[in-house]
Amino acid sequence: MKTALSILTAATLATVSAQGALAQETVKIGVLQSYSGMTSLGGQQTDFAIKTFMQKYGETPGGFKLQLIRRDTTGPNPEVAKRLVGEVVTREKVQLLIGPDFTPNTLAAAPILTEAKVPSFVTGAATTGIVGEKSPYSTRTFFATPQLCKPLAPYAVKQGWTKIFVVVADFAPGHECEKFFVEALKEANGTLVGNLRTPLSNPEYSGYIQRIRDAKPDGVFIFMPLGELSIGIVRAINDSGLKASGLKIMGTGDITDEGYIDAVGEAAVGVITSGIYSTQHDSALNKEFVKSYTAVAGEKNRIGWSAVSAWDAMRLTYDALDAQKGQKFDGEKFAAFLRGHKIESPRGPITIDKSNGDIIQNVYIRRAERVNGVLQNIEIETFKDVSFK
Amino acid sequence: MASILTVLFNGVAYGFLLFVMSVGLSVTLGMMNFVNLAQASFSMLGGYILVTAMQSHGLPFLVCLPIVFVLVGAVSVIVERLIFRHFYKTDDLTQVLLTIGLVFMSIAMATYFWGGSYQRFDMPSWIIGQKEIFGLTLETYRIFLVGFGAVMAVALIFGLERTQLGAMVRACVDNRRVAGACGLNTELIFAFTFAIGGGLAGLGGALSANLLGLDPNFPLRYLVYILIVVSVGGMGTITGTLIAALTLGIADVLGKYYFPQFGSFIIYLLTVAFMLWRPHGLLGRGA
Amino acid sequence: MSVMEPAPAAVSQSGHDYFATLARWKIWEILFWAALAGCYFVPEMDRMLMSRVIIWGLFAMSLDILLGYRGIPSLGHAVFFGTGAYVAGFCGKYGWSEPISALFFAMAVAAALGWLTGKLVQRVAGVGLLMVTLGLNLILFDFVLRSTDLTGGDDGLQGIVIAPVLNMFRFDIYGRTAFWYALVVSFILFIATRILVNSPFGLALIGARENPRRMITLGAPVEGDVSRAFMIAAAIAGAAGALLTQTTQTVAPPTLSFQRSADVLVILIIGGAGRLYGGFIGAIVFILLQDYLSSISPVYWYFWIGLLLVVIVSFFRKGLLPSLDALLQRFIKRKPDAPS
C-alpha cells in the first residue's frame, strides 16, 4: 500500500512538474526472474545487484525516473513467462525488461517484445541463437553456451588430459553443451572415451560413476544445471574415491558456482571450470563491485553470475538512458544504442555484438581453492573475446 | 566381478537411503491410516536441525542424530495436537490437501529462517572417504547407512510392528470407540505413534541430507520417491517398505550401470508394473 | 471417498421427469457464465489471466468426471492435458494451423490415450490407481523432456503457428481472441458434459461410485464404464491443453508435469468435486490468488498459498461450492428443486 501511495504521489508530482518546464519521465522496468522454487537464487541475486547499482549510481539516469516491477517466473515455465511478459507490457506498460530468465521463457517472450518494441536484457538464458533475428530488441548480458562449453577441451588436451568422459544432464541445454564440447575436443585431438546423459531428477549417481571408472578416463567433463545435480555429481565423484585416484574433474562454472560451492564443500577443491565471472577476478571495478554488493546483500549471500549479468544490464541501461537525456524515452533507439556498445564489467571487458545483440566476452579457466578458508574460483587462464557462436 | 559387487552394494545402500527416508510416512500412513505428506517437511526439518547443531553448535554427528529424532518428534506431536487430530476422520484427499498446504508453508518458512541456498555439511572425518572390505573399495558413509538402516529396520519391525503397541495402534485406527472402551487411551496412543513417525522422518532427513543436498525445496523434490516406496511396499507394513526400498534401490543403480540410456524410466516402470500386479503393494493387506 | 456429493436421493417420479429436472438450468448457472463473459468488459482486466483461469477450470472439470462422478482419483491427469497441448503444438508446427480442427484432433488423440489408460487401470483401485497414474505421468514427462529432437525438450516446441480463429480473429498480445476462444470452447464442452452427467450414463457412473457391486448385480457394465469415463475425461482435458497451446502459442514440459496433476486435483477439491462447477470455482480462487500473491510477495507466496489450502480444508471441508451451498440452504429457506 505504501508503495502504491508513493507511486501515486510520484505520479502526481510528475504531472505537476510536467506543467512546469522540467518534465521527469518515469521509465518502467519489468524484472522477470524466478523468485520461488528451486531456481530462486537467480532472482535474489538480480534484486541485490539492481539495488546495489541504484544505490551507487543514483536513481535517475539521464533524468529519467526508474520504476521496477517484479514478477516471479517460477523457473523454466514458458507458459507462465509469456503471460507475465504480456501482462507487464500491456497493463503495466513497462518500457524495458530485465529477463525473463531461462531459454524457454526467453523464446516464449520474444514475439510479444518484438510486437511491442520493448527492449529486453537476457540475463539468465544461454542457448545459442535466442537473441538476434527473432528478437531485434534483445541484448544478452549472460553468456552463450559455446563460450562455456568449448574452451575446456583445448585446455584439457594442453595439460595432457586427452581421454575425456562427458557427463551431461539429459535435457536440451545438456545436449547442446555436449555437442559443443565434443566438437572442440575432436578439434583439439582429444579422445572421447565415453559419455552419459543423466536424468534431471536424480538422487543417485553410483551406477553412473562405476561406468566412468570402467572407462578409465584422464578427466571428466560435467554439465549440470545449478542445484542438487551440480552439487550432487561433484560430491559423488569425490566420495567414490575417483578424484583421490587422480581423475580430473572439469565442467562449466555451474559445478563450482559461488552460490552453491559451500554445499559442495571439500569435494570442490581442485575442480577446473570454465566461467565468465569469479569474485576473485583481479580488477579495481570488481573489488569495488564485490564490496558494495556484499554491503547490501551480506556475507552469506555470495555473488553468482545472475548478479553480474543484472549489474551489466543496469550499466547498459544507464548508458543508454544517459544518451537519451532530455528526450522522450524511445525503445528502438535504446536497443540500437546498445548494439556494438562496449563496457567494463566486474567480469572484465564485454562487447555487445553489433549485428545481433549477443555478448562477446572473456572466458576464464578457473581452479577451485580455499582462500582464507572460503572456497573460491581462482582464474588461471584467460580466453580473450570469445564469440557467442 | 569386483565392479558388479560394488554396484550391487551401492544399490543396497541406496535402498537403505530410500528406506530411512520413507519409513516415517510408512508409520503414519500405514499404521495410522493418515496421509501425511508433511512427513517430507519433517525430514527437511531434521536436516536443518542437524546442520544447525553440527555447524553452529559444533556437536558431533552421532550426538546430533538422537537430538534430531527427539526434536522433530516433539514438533510433529505439536502439529498433530494443533491440526492433524481434527482430520483423522476425513477422507484421503482432504488429508492430502491439508498436508500439501503445510508442505508449501514449510518451504517458505525454511527459506525465511535458513535462506534459499543449499546447506553446507562438514561431516566428521571417520565417516568420509572409502574403506577396503573383502577387496572392494566401498564408501564409508554408505557402509554406515546400510548398518544404521538395518538396525533401524529390525528395531521397528520387532519393536513397533509385532508388539502390543503395534496391536494397540491398529486397534485404535480400526475402531476407535471400541478401543477406547477397552481402556486404551486413544489420544495418547495416536500422539505417541505420530511422534515416532515424525521423529523417524526427521532422522531420515538428517541421514540423507548430506547425500542429497538440503534446501527449502527438499520436501517437493523427494516426496514422489517417498510415495513410491511406501505404496509399492504396501500400507501398514514396515517390512514391505523395507523390501520395496531395497528392490527399487538395487534396480535403479543396476539399471543406471547397465542401461544408462533409460535414465529414470526403470524405477517408474517398475512402480507401474508392481502397482498393476499388486494394487495394495507387495505386502499390503488390501482394503 | 466422501468429498463427493451423495447421489441424488431416490425420487418417486418417472425417469423422464427426473432427467428433465436435472437438465433444467438454474438462475445462478446463467449468472455464473454471464459473469465470466462480463469479465471481458471490465477495464484493466488481464484477459490472458482470465483465459488461463477458464482453461484451468475446464481441465479441473474434466477431472471431476473421473473423481466426482465415478470416484476415481488420478494423480496423472496432466498426461491428457499435456497430450492435447503437444498435439495442438505439433499441428501448429507442421502446417495444420487452423485452430478448431486441430483442437478436435488433439481431443481425439487424448481420448484414445484415455481409453487405453482406462483399460490398463480398470481393475485397480485406491492407492494402486494413484500410483499407476502418477507413474505414467512421470514416464511421459521424462520422455518429453529428454526427446530434444522430437519435442524441443526443456525449451518447448518451437515455431508454432496458429491461424486466426474462423480466419477472422488473430491471437493478439492483449488476449482478446484468447479470452473468447477459451470461453466459447469451454462453454460448449461444459454443456456437453452437463448433458452427459445428467443422462442415464452419468447416473450409472454415480451408481458405480457409490456401490459397484450392486451395479454389477443390476447388470451395469462397471468395468467398461471406467475406460469410457477415462476417455471422456481425457478428451476434455486434451481440449483444455490444446486451448492453452493455441492461446499462448507455446508448449513445454511443465504442461504435463506431475506438479500440474497435483495442482488440478487441488483446484478441484478446493472448489468441490461432483458438481461440475467445482473445478471452475476452484480455478478462479486458486489461479487468481496465486497470481496476486506471487506479484505482491514473489519470494514467500508459497507460504500464503499453503495457508490458503489449510484454511480451506479446515473451514470448507467438502470444498468451497458444497460448503457455501450448505450455508445457503441453512440461512435461506428455499423450496427444494425437485418436487417430492
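Let's start on strand β14 of chain A, where Glu381(A) is the bridge partner of Ile365(A). This pair belongs to a longer run of partners in a predicted model: β13(A) and β14(A), the latter spanning residues 374–386, are joined by 10 bridges and run antiparallel. Between these two strands lies a hairpin with two residues, and there Asn372(A) takes a positive phi near 50°.

Now follow β13(A) to its other partners. Strand β12 of chain A, residues 348–352, is antiparallel to β13(A) and is joined to it by three bridges. Here you can find Ile350(A) standing opposite Gln361(A). The hairpin of β12(A) and β13(A) has six residues between the strands, and Gly357(A) has a positive phi near 80° in it. Strand β10 of chain A, residues 272–275, also runs antiparallel to β13(A), which covers residues 359–371, and four bridges join the two. Look for Thr273(A) here: its bridge partner in β13(A) is Arg366(A).

Next, step back to chain A as a whole. Its domain assignment gives domain 1 as 2–143 + 283–357 and domain 2 as 147–275 + 364–386. The centres of these domains, taken over C-alpha atoms, are 31 Å apart. Where the domains touch, domain 1 of chain A contributes nine residues and domain 2 of chain A contributes eight. On the domain 1 side, five of the residues are nonpolar, three are polar and one is charged.

Let's move to chain C and watch two helices meet. Helix α3 (residues 47–70) and helix α13 (residues 278–296) of chain C have axes 7 Å apart and pack at an angle of about 140°. Why is α3(C) called oblique to α13(C)? Angles over 145 degrees would count as roughly antiparallel, and this one is about 140°, so α3(C) is oblique to α13(C). The crossing of α3(C) past α13(C) is right-handed. Among the residues that meet are Leu49(C), Trp56(C) and Met61(C) from α3(C), with Phe280(C), Ile284(C) and Leu288(C) from α13(C). By class, this helix contact has 11 nonpolar, five polar and three charged residues.

Finally, see how two chains come together. The contact between chain B and chain C takes 33 residues from chain B and 31 residues from chain C. On the chain B side, α4 (92–114), α9 (218–233) and α11 (265–277) each supply at least two residues. Of these, α4(B) gives the most, with 15 residues. The side of chain B that touches chain C has 23 nonpolar residues, along with nine polar and one charged.

Methods
Residues numbered from 1 in each chain as written. Chains lettered and ligands numbered in written order. Predicted model: local features only at pLDDT ≥ 70, side-chain atom pairs only at ≥ 80, totals over all residues. Contact = placed C-beta atoms within 7 Å. Nonpolar A, V, L, I, M, F, W, Y, C, P; charged D, E, K, R; others polar. Domains from an automatic or database assignment. Axes fitted to C-alpha atoms, helices over the stretch in contact; angles between N-to-C directions. Parallel < 35°, antiparallel > 145°, perpendicular 65-115°, else oblique. Left-handed = near helix turned anticlockwise from the far one by under 90°. Pairing = 2+ DSSP bridges.
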